[in-house]
Amino acid sequence: MAQKGNIGVTSENIFPVIKKFLYSDHEIFLRELISNAVDATQKLKTLSSVGEYKGELDDLKVEVLIDSKEGTLTIRDKGVGMTSEEIDRYINQIAFSGAEEFLEKYKDDANAIIGHFGLGFYSSFMVSKKVEIFTKSYKEDAQAMHWSCDGNPEYVLEACEKANRGTDIVLHIDEENKDFLENARIEGLLKKYCKFLPISIVLGKKKERKDGKEVETSEDNVINNINPAWTRKPSDLQEDDYKNFYQELYPYTSDPLFHIHLNVDYPFNLTGILYFPKVKSNLDLQRNKIQLYCNQVFVTDSVEGIVPDFLTLLHGVIDSPDIPLNVSRSYLQSDQNVKKISNHITKKVADSLNDIFKNNRLQFEEKWDSLRLFIVYGMLSDEKFYDRAKNFVLLKNVDGKYFTFEEYKQLIELNQKDKDDTLIYLYSNDAEAQHSYIEAAKNKGYDVLLLDGQLDVHWINQLEQKLEKTRFVRVDSDVVEKLILKADAEKVTFTDEQRSCLTTVFSSQLPKVEKTEFLVTFENLGSSAQPIVLTQNEFMRRMKDMTAVQGGGMMNFYGEMPDSFNLVINSAHPLIESVLEKEENSCQEKTSPLLVQIAELETRRSSLKESHKDKKDEEIPIPEKEEITQIDEKIAKLSADKKVILEAFAAEEKTVRQLIDLALLSNNMLKGEALAQFVKRSIEMIK
Ligand code: ADP
């Protein structure tokens, strides 16, 4: 007699729910059904091993069968099967209280719903108009049973004929989901979710090419590797096994730098292998390469929130039955267990790096360039990781030598402290472009670091906060004499008038460079230093660099600013002295009378201003106000005349432009027409 009944849903009919809410992740039905089949198979193996099941085990594979004529997809296992009572208990009764609220909250998250209600089996209704179960329990004299339900709460349960132990789940795929009857689609899904399941999953027969045609062989088409490397003991594995497994995960990629085999059983269960990928450039980093498994069932490859952000740059596999996988993402991210796991992984990664550093420093240095982005990112984003990494993180100098923080400090301690006892770390972010500055620093006995990584701008800020009395200064941010100020600098001996004249002379010859500003300044750098040097203010430049990395917000303000350079004139250099001398010889005759007039006007102006000091604006006689305005106009006119004279001199005096061009040239800023003119002028000057 067939049993008829309603599926025990306490609050609401479950089927519309499944169809309506679970639309986004239809494909996971296959993962759920195969997981059930694998579970049933493993239960049988366990029963057999403890002697509760005495029959044969045979070939315990799980088969997936597509019948496109009938429109069915069948998942067949040879596991424990179910008795009539078990179907009643496990399939017919679904606890389903408090559903509405939960469903509303997670309506786009099939995982959460399935996990919450234990609806693994019922997810089959996402794609089927009718589902049948044919099952025969392993128990002695068990009656095979047939259960069927066509998408409403009514089911039919009756006895049937079934020769073999185990369960067939037969899905009558509905119209909208016909793609699940395509071999390629199913194979794709099996490869995604079932690649490393512990029981063989078979989809049809292997094919081979014969006489230009694809023909079926007699061999099963097994989808999965039932013994993936992470489930084996590290002591049983060779270096090559790890590499091969990496290729299995990510075919056609270059070998990883090294791996970390995770194996934890307390306070939670976790296994896995993490790989450091070889990064060729900062740009080809790929996130979401870590795959998350739950007892060898693939769950997701978007692991943000589950592992610390910087670890998402790693590749590999994490498998844990303790990460609650069938729940929503937001729940995962706040779960304490997940936090613990994530902290533990961070610690393991740091420990492994430390081991490699200690045991094989040379290897560590060789791989540093690929490793460093990852490590720096970790240090920036995770305090605990910073504390661990500070012992093995390396600084590389422009000569390609590597130092730990401690070693580097010792190297520069004697020579690179400024007058306030601050240790100055000199660095370059482009050894090619800043070559002349690097050379100048080296000639002074300084060491220069190479900090040209994507995150180094931020890292420098962090290190200045973490390392005591330390400042980072880019080699081109000042003239070498002033990079590390050991005593107060020599004074510039020029008078105000001399400075003013030279500023006019040199400003007039500065080329126009787009989005760039030059400010003429004077330093006494000594007679053996360069006559003119271009420097860029460390603070302003860093702000701009940070904007380039982050973009947006308040920082945008700095991004919009032009690049601003100091054109530093070395007052002690003979060539500068000679320009000044020539300027005075050829211009003074004409400018002196102007200066005398300006001086007279200024005297008059000051005395007027003095007499107005205690008066209110309306008490000042109008003629006196007018006189001041006239004086200002006259001074402006005289100054303009003076400027014309100085500029005419500057245009004639080739040395001025030549000195500027040389400074631009050593900064890689002399280009195009200006460069051509420079070459031409140089030749003329040699003649
Ligand atoms: P869950 O697996 O989360 O418990 P399911 O709805 O997927 O929820 O399955 C309910 C129960 O039905 C399982 O716990 C198991 O006892 C039984 N079951 C499902 N599929 C099979 C199968 N292929 N073989 C034996 N028992 C099964």
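**View 1. Pairing of strands β19 and β20 in the predicted model.** S428 has L450 of β20 as its bridge partner. The model shown here and in the following views is predicted. Strand β19 covers residues 423-428 and is joined to β20 by three bridges, the two strands running parallel.

**View 2. The open sheet β20-β19-β21.** The sheet is built from three strands, in the order β20-β19-β21, with parallel pairing. Its edges are formed by β20 (448-450) and β21 (470-474); each has a single partner strand, so one side of each lacks a neighbour in the sheet. On average, and with direction ignored, neighbouring strands of this sheet are turned by 40° against each other.

**View 3. The buried face of helix α7.** Helix α7 spans residues 239-249, and its residues Y242, F245, Y246 and L249 are buried. Viewed down the axis of α7, the buried residues lie within an arc of 105°, so they line one face of the helix. The cover over these buried residues includes strands β12 (258-264), β13 (270-276), β14 (289-294) and β16 (315-319).

**View 4. The largest nonpolar core and the surroundings of V349.** This core comprises 59 residues, of which F276, V349, L353, F364, F374 and I375 touch the most other members. When residues up to four places away in sequence are not counted, V349 touches I260, L274, F276, L311, L314 and F374. Another core, of 57 residues, lies apart from the largest one and includes V473, V479, A663 and L664. In soluble globular proteins, nonpolar side chains tend to be buried together.

Conventions
Residues are numbered from 1 along each chain as its sequence is written. This is a predicted model: local features need pLDDT of at least 70, side-chain atom pairs count only at pLDDT 80 or more; totals for chains, interfaces and linings use all residues. Side-chain values use heavy atoms; hydrogens and water are left out. Buried means under 20% relative accessible area, exposed over 50%, partly exposed in between (1.4 Å probe, protein chains only). Helices (H or I, at least four residues) and strands (E, at least two) are DSSP runs, numbered from the N terminus. The arc is that of the directions from the helix axis to the C-beta atoms. Contact means heavy atoms within 4.5 Å. A nonpolar core is a set of buried Ala, Val, Leu, Ile, Met, Phe, Trp, Tyr and Cys residues joined through side-chain atoms within 4.5 Å. Two strands pair if DSSP finds at least two bridges between them. Axes are lines fitted to C-alpha atoms, for helices over the stretch in contact, and angles run from 0 to 180 degrees between N-to-C directions.
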